[in-house]
Structures are given as C-alpha cells and as structure tokens.
Amino acid sequence: MSVFIRYPGGKTKAFTTSWDDGASEDIRLVQLMREYGIKGTFNLNSAMFGDFFELDGMHFRNLTLQQVKQLYIPNGMEVAVHGALHRELSAESDQTVLWELISDRKALEQIADCPVHGMAYPYGRYNDRTMDIAGSLGIKYARTIRENRDFSLPENWMEFSVTCHFGDRDAVSLIRRFLNEQPERDAFFGGIWGHSYEIQQLDAWEEVAELFAMVSGKNDIWHATAAEIFNYTKAYRSLDYTFDDRFCRNPSAVDVWLKYNDEITVIPSGATVNLPQKRTE
C-alpha cells in the first residue's frame, strides 16, 4: 500500500504562525490575522503580563492579564508556554526550569479553560535535559527558532521548527515555493514565527500583511494552530490497519484524511473504513 497524510478536506498543505512574548502589538497582529484568515500560536510569559520593556530605544508593554483573556482564545488563537519569566532554561537549575514551566502552564490553562501542551523555548535555547523536563510536565510539542526553510512535518515535535522568521530576506520566495510546489508524498507543513514588537520596530506591518495575503484564501491550505496540526498528525499516526490493509480504524476524536493508493480517503472519527485497493489491469 501507499499511504500519505492529507489535512482536513483532503488539503495538501498546512500553514501556521508562531509569536512570542505577548507584547501589546499582538492586538494589531491578531486583527491582521483575522482579516486574512490566518491562525497562530502565542507563546506567553505569564509572570510578566503588563510589564514594560525597552528595546533599541523603543518602549513596549506586555499585554495585561485581562487583555490576554480577551485577545487570543476568543479569536481562535492558541496560547502556549514560554516560561513564566522567560529565563534561558538550558542555563537554569532543574528546580527553576520546573517552576518556569509549571507555573506558566497552570496560569495559561486558567486563561484558556483547556489543557495547554505547547511551548516555545525562551531565546530558542534548549538541550536534552530541557526537553526531558518539559515532556515530564505534559508539554507535547515545542518550537525552536531554527528555520528549516522547507515544508516537511517535524520528526520530533519536541524540537519542531517552522519555515522561517517573518523578517527573513527569503520569506517571500519561500512562501512562493510553498504555494507553487505540490507534495508528492506527505502533505506540506509551513509557517513563520517572530515577535509582534519586531514588526513595530521594523515598521513591517505592510510586509507581514503581504505574507498573509499570499497564503490567504487558498483551497489547498489548512490554516491551523500548532496544537491543531500536532493533534491531527497524532490522530493520523494512530490509524489502525488490518494485516491485509483492507480496513482502517480511526480511534481518535477527529476525522482523518489520507491519500491511500492514489485516492483521497476520509476515515471518520471512531469509524472503520474499507480502503480502496489498487486496481489491476
């Protein structure tokens, strides 16, 4: 048999965005994302809500707790762990790492009213110890700041990366390639990351809008948060096949689409489906 993942509706591509730190510029960013139908994950420092900070002579402020509650979840975005105080976890003691992640996760779950299993490593720095501790605390996927500059699904979701930073000089050309190429096997996974205060620093709102416009409204792209893509991929990988590959059972809570023997097939949640067999001449 030949079987490859496809996204909801049989789509061949998933696109996500990931934004760190929770600056007040996220308000404008979320409005822009809503305008273009873009989804994203916002990685937040729950012990720094409302704090002021300065970068290169420009003054910024993090969103307050009330603003956080009103902005992300009601607009269909995801919130994820980023360390309560944004400490460099790979350089801290086990006790400090535990506090950073536990307190942040608990605070964000109270905001989201749902489990929070995602994360972005503060400063992008991590090691095996960091990943092990995060995993032991219920973190299931964690974004790095590496730019893979391609569209493959992560091999290890505890150190996954997206295509590039929004300000990468090749961002437009990479997204054009994402749009123009078609997957021959597994579906594509692409995205951008950054900080909304960087957009303000660089006066790059028009450039970001251009990136959003490029991927907006495309019939073959599923716009999703990191959580949605992770959970869907997990559901795909949980499909249970009979020994002769004639039947497939979907034990998950979501419908799963796949390309099986060159045909697009949906396996509904909880259902067992008779799979299309290869035609013989």
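This is a predicted model: local features need pLDDT of at least 70, side-chain atom pairs count only at pLDDT 80 or more; totals for chains, interfaces and linings use all residues.
Residues are numbered from 1 along each chain as its sequence is written, and side-chain values use heavy atoms, without hydrogens and water. Local features need pLDDT of at least 70 and side-chain atom pairs 80 or more, while totals for chains, interfaces and linings use all residues.

Colleague: Is Arg143 buried or exposed?

Modeller: Arg143 lies in strand β8, residues 141-147; strands are DSSP runs (E, at least two residues), numbered from the N terminus. Buried means under 20% relative accessible area and exposed over 50%, with partly exposed in between (1.4 Å probe, protein chains only). Because the relative accessibility of Arg143 is 1%, this residue counts as buried.

Colleague: Which side chain forms a polar contact of 2.9 Å with that of Arg143?

Modeller: A polar contact is a pair of N or O atoms within 3.5 Å; within protein, one must be able to donate a hydrogen and the other to accept it, and residues adjacent in sequence count only if both atoms are side-chain atoms. At 2.9 Å, the partner of the Arg143 side chain is that of Asp20.

Colleague: Which strands stand at the edges of the open sheet of three strands?

Modeller: The order is β13-β14-β17, with antiparallel pairing; two strands pair if DSSP finds at least two bridges between them. Each edge strand has a single partner, so one side of each is left without a neighbour in the sheet; these strands are β13 (240-241) and β17 (272-274).

Colleague: Which residue in β17 is the bridge partner of Cys248?

Modeller: Strand β14, residues 247-249, pairs with β17 in the antiparallel sense over three bridges. The bridge partner of Cys248 is Val273.

Terms used: Helices (H or I, at least four residues) and strands (E, at least two) are DSSP runs, numbered from the N terminus.
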